[in-house]
Amino acid sequence: MEAFRPYTLVAELTHRCPLRCVYCSNPVALTRRDDELDTATWARVFEQAESLGVVQVHLTGGEPLIRADLETLVAAARRLELYVTLITSGVPLTRERLARLAAGGLDAVQLSIQDVDAVAARRIAGRPVETAKIAAARWVREIGLPLTLNVVLHRENVARTASFIALAEDLGAARLELANAQYLGWALLNRATLLPTAAALADARAVALEAARRLRGRMEVVFVVPDYLRDAPPPCMDGWGRRYVLVAPDGVALPCHAARSISGLEFGDVRRHALADLWRDSAGFNAFRGTDWMPEPCRSCARRDVDFGGCRCQAYHLTGDAAATDPVCTLAPRHDVVVAARAAADMRAPAAGALYDGTTAVDQALRYRGRGALSGAA
């Protein structure tokens with residue numbers, strides 16, 4: 001069997017967040033503050049990750065800025081010569097704190113932007129944060145850190161792709177990620193609200209590709225097509241348990257953000273076990289490594305070592321079987337569920353240039369973010 005070695009540690013420091021975005025990648029069942037790993041345990045996790053071969057750590061959440069010990073954690077990762085990226089909403093942040101983080105060893109910042117329209121951004125985030133986000137982006141550049149802007153695209157903002165690109169240029173971002181929502185967790189609950197039409201996506205992609213050519217050498221522009229509008233699945237997390245290890249706020253080690261949502265998988269936690277043991281021996285990590293687990297048509301497919309069967313969490317939530325072929329694939333026995341979702345999205349096409357006027361489906365979805373009610377899941 002291939003020797004699997006992680007190169008990235010995704011450190012989910014907390015699930016706490018001041019925002020309530022309807023496409024949030026956090027699990028629907030959140031970790032409580034009292035169950036979060038303490039500073040010393042996170043520092044030990046960093047050491048064990050580095051010993052495994054990890055070279056970079058993504059400090060994320062929730063909102064990692066909520067952790068009062070963030071500066072200490074950045075310094076702990078820097079002492080191990082890990083490349084440290086802060087993945088943040090920029091709320092709450094001050095210029096002084098960002099300067100302390102940079103002085104302590106922070107290498108880069110990825111900042112989320114909900115929308116370029118203030119009213120739309122406010123309604124998606126649940127509070128008025130657009131001014132704070134722009135200020136945070138400018139502080140990142142003033143202090144001299146590389147800035148990545150991350151925009152989650154969905155049916156209500158995809159038409160403003162050109163405006164997102166213009167904003168990223170104005171802010172001097174090194175990288176712009178136009179990442180369509182991945183329909184797991186909160187996004188799956190609100191899929192009917194979020195999934196764009198095929199036509200709107202094609203238009204946005206054309207705008208992004210043109211900008212990528214125009215800005216080559218100045219700013220990297222990445223456009224991530226939603227799985228539902230592909231013909232073949234992408235290699236989720238570079239393959240299950242191959243290159244990424246995620247540690248959740250309560251210490252459970254996982255191959256991806258949503259792995260715990262798959263019923264029947266067992267994962268250990270770093271309070272009781274060494275990270276290397278969890279990586280190598282955990283039943284959950286080994287469940288879908290390599291290709292031996294694959295059914296047909298994946299088993300005999302030429303793409304089996306390219307896409308690794310697609311997303312296991314998506315397969316589980318759309319078919320009830322985590323070992324099933326990802327329904328995104330046109331060869332999948334249950335590709336019909338994706339086709340149906342696409343058709344529903346196309347039938348619900350919003351009016352061109354529609355603004356957030358208090359009557360769109362996003363209003364309803366915002367209520368679901370607080371209660372976890374179902375909206376348009378398969």
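Is threonine 60 buried or exposed? Threonine 60 is buried, because its relative accessible area is 9% and the cut-off for buried is under 20%. This is a predicted model, and every value here is computed from it.

**Around threonine 60**

Threonine 60 belongs to strand E2, which covers residues 56-60. Leaving aside residues up to four places away in sequence, threonine 60 touches Val10, Ala11, Glu12, Leu13, Thr14 and Ile87.

E5 runs through residues 147-153. The strand is mostly covered, with seven of its seven residues buried. Both faces are covered. On one side lie Leu147, Leu149, Val151 and Leu153. On the other lie Thr148, Asn150 and Val152.

E5 pairs with E4 and with E6. Leucine 149 takes part in both pairings: leucine 111 is its bridge partner on one side, and leucine 176, in E6, is its partner on the other. The table sets out the two pairings.

| Strand pair | Sense | Bridges | A bridged residue pair |
|---|---|---|---|
| E4 and E5 | parallel | five bridges | leucine 111 and leucine 149 |
| E5 and E6 | parallel | six bridges | leucine 149 and leucine 176 |

**Helix H6**

H6 spans residues 161-171. Together, E5, H6 and E6 form a right-handed β-α-β unit. Which residues of H6 are buried? They are Thr161, Phe164, Ile165, Leu167, Ala168 and Leu171. Viewed down the axis of H6, these buried residues fall within an arc of 160°, so they line one face of the helix. An α-helix has 3.6 residues a turn, so residues three or four places apart point the same way.

What covers the buried residues of H6? The cover includes three strands, E4 (108-113), E5 (147-153) and E6 (175-180). It also includes two helices, H5 (130-143) and H9 (198-214). After H6 comes glycine 172, with a positive phi near 75°.

**Aromatic rings and charges**

Searching the whole structure gives seven aromatic pairs. Ring pairs join Trp240, Phe288 and Trp293 into a cluster. Phe288 also carries a charge over its ring: the charged end of arginine 312 sits there, 6.0 Å from the ring centre. Arginine 289 lies over the face of tryptophan 279, at 4.6 Å from the ring centre.

Technical notes. Residues are numbered from 1 along each chain as its sequence is written. This is a predicted model: local features need pLDDT of at least 70, side-chain atom pairs count only at pLDDT 80 or more; totals for chains, interfaces and linings use all residues. Side-chain values use heavy atoms; hydrogens and water are left out. Buried means under 20% relative accessible area, exposed over 50%, partly exposed in between (1.4 Å probe, protein chains only). Helices (H or I, at least four residues) and strands (E, at least two) are DSSP runs, numbered from the N terminus. The arc is that of the directions from the helix axis to the C-beta atoms. Contact means heavy atoms within 4.5 Å. Two strands pair if DSSP finds at least two bridges between them. A crossover is right-handed if, with the strands pointing away from the viewer, the path from the first strand over the helix to the second runs clockwise. Rings of Phe, Tyr and Trp (its six-membered ring) pair if their centres lie within 6.5 Å; planes under 30 degrees apart count as stacked, over 60 as edge-to-face and the rest as tilted. A charge sits over a ring if NZ of Lys or CZ of Arg is within 6 Å of the ring centre and within 35 degrees of the ring normal.
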